[in-house]
Amino acid sequence: MASNGSGKNLIICFGEMLIDFVPDVVGVSLAESTGFLKAPGGAPANVAVAVTKLGGHSAFVGKFGDDEFGHMLADILRKNNVNDEGVLFDQHARTALAFVTLKANGEREFMFYRNPSADMLLTEAELNLDLIRRAKIFHYGSISLISEPCRSAHMAAMKAAKQAGILCSYDPNVRLPLWPSEDASREGILSIWKEADFIKVSDDEVAFLTQGDPQDEENVLSLWYDGLKLLVVTDGEKGCRYFTKDFKGKVAGFSVKTVDTTGAGDAFVGALLVSIEKDNSIFEDEEKLRKALLFSNACGALCTTQKGAIPALPTTEVANELIASAN
């Protein structure tokens with residue numbers, strides 16, 4: 001049992017971990033694909049591993065099927081030094097699967113098998129609240145909000161974190177095929193918007209949530225609310241934009257040879273959470289924030305240079321090399 005991160009420097013990632021089946025050939029549809037590679041996936045789990053690869057301490061809270069895939073995933077977390085005290089197994093449900101098509105440009109399409117999968121069946125009573133209260137940062141997405149009982153578990157975990165004064169980090173990770181409708185997705189994602197201290201969204205997600213132009217600053221700022229410490233919009237290879245109550249700006253991205261965008265946003269978030277955990281004055285210090293975002297951009301870019309999310313998550317050394325080579 002990985003027992004790292006017992007101090008107050010723990011970053012907890014709450015939600016789903018699943019198996020992505022990725023075609024072994026890029027640019028073909030699921031139907032055309034003749035073979036698939038098994039890859040661990042699930043945004044909150046990717047963030048947990050991104051954190052440990054950068055030298056931070058993380059824990060994953062979520063539920064797997066008591067099946068070979070579930071035990072394989074729990075094993076991957078342990079091998080990557082992610083604390084597993086919040087990991088549970090369900091004897092009556094399977095581990096979630098997703099078939100992911102990589103289009104020729106490296107972008108993705110998803111087909112999910114979750115009816116219902118074990119991650120959706122996490123209950124409030126099963127939560128390890130002592131673990132959650134030990135965290136410095138509590139990070140989550142929106143997939144855990146889609147159905148009960150997981151939604152109630154998510155709300156209870158978030159409430160416990162907030163009551164303990166823990167920083168709440170939210171990356172909605174919109175996955176439309178999993179929601180009953182676009183409106184239900186928008187509503188569900190925005191229902192907990194004002195609970196977060198830090199929110200990261202992609203330009204596409206801004207377009208979806210606001211139904212407006214993601215490049216229009218006034219439109220982006222419709223997502224701002226008093227009490228938010230930092231809003232970051234990622235613009236793919238162009239980098240990112242940041243907004244705090246006192247300042248705003250943009251940080252350029254890195255140009256790399258992209259093969260697979262899977263996990264890039266998670267690498268970005270993991271890197272930023274490690275920087276925040278080390279020094280949360282970056283919310284008030286623009287120079288520190290820009291440095292942290294440059295590092296996050298480097299991590300996100302590097303993650304796109306090989307297939308799969310977890311195997312492609314970079315170390316601090318490699319990220320710093322990319323930053324140095326770009327100067």
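Tutor: Let us start with a charge and a ring: the charged end of Arg 186 sits over the ring of Phe 208, at 4.4 Å from the ring centre. Such a placement is counted if NZ of Lys or CZ of Arg is within 6 Å of the ring centre and within 35 degrees of the ring normal. The model is a predicted one, in which local features need pLDDT of at least 70 and side-chain atom pairs count only at pLDDT 80 or more, while totals for chains, interfaces and linings use all residues. Residues are numbered from 1 along each chain as its sequence is written, and side-chain values use heavy atoms, with hydrogens and water left out.

Student: OK, and how many aromatic pairs does the structure hold?

Tutor: It holds twelve aromatic pairs, where rings of Phe, Tyr and Trp (its six-membered ring) pair if their centres lie within 6.5 Å, and planes under 30 degrees apart count as stacked, over 60 as edge-to-face and the rest as tilted. One of them joins Phe 99 and Tyr 113, an edge-to-face pair with 5.5 Å from centre to centre and 65° between the planes. Phe 99 belongs to strand β6 (residues 97-102) and Tyr 113 to strand β7 (residues 108-113), so this pair ties together parts that are 14 residues apart in sequence. Strands (E, at least two residues) and helices (H or I, at least four) are DSSP runs, numbered from the N terminus.

Student: Is Phe 99 buried or exposed?

Tutor: Phe 99 counts as buried, because its relative accessibility is 18%, whereas Tyr 113, at 44%, counts as partly exposed. Buried means under 20% relative accessible area, exposed over 50%, and partly exposed in between, using a 1.4 Å probe and protein chains only.

Student: Which residues form the aromatic cluster?

Tutor: Phe 14, Phe 138, Tyr 140, Tyr 170 and Trp 193 form one aromatic cluster.

Student: What lines the largest cavity?

Tutor: Its lining includes Glu 16, His 139, Tyr 140 and Asp 171, and α1 (43-53) and β8 (135-140) each supply at least two of the lining residues.

Student: What does the side chain of Lys 200 touch?

Tutor: The side chain of Lys 200 makes a polar contact with that of Asp 171, at 3.2 Å; a polar contact is a pair of N or O atoms within 3.5 Å, where within protein one must be able to donate a hydrogen and the other to accept it, and residues adjacent in sequence count only if both atoms are side-chain atoms. Lys 200 lies in strand β10 (residues 198-202) and is buried, with a relative accessible area of 5%.

Student: And which helix gives the most to the lining of the second largest pocket?

Tutor: That is α9, with five residues, and the pocket holds about 330 Å³ of space.

Note on methods. On a 1 Å grid over the protein atoms alone, a cavity is a set of points where a 1.4 Å probe fits but cannot get out, and a pocket is an open set with protein on both sides within 12 Å along at least five of seven lines; lining residues have an atom within 4 Å of a point. Grid points are joined across faces, edges and corners, and a volume is the space filled by probe spheres set on the points.
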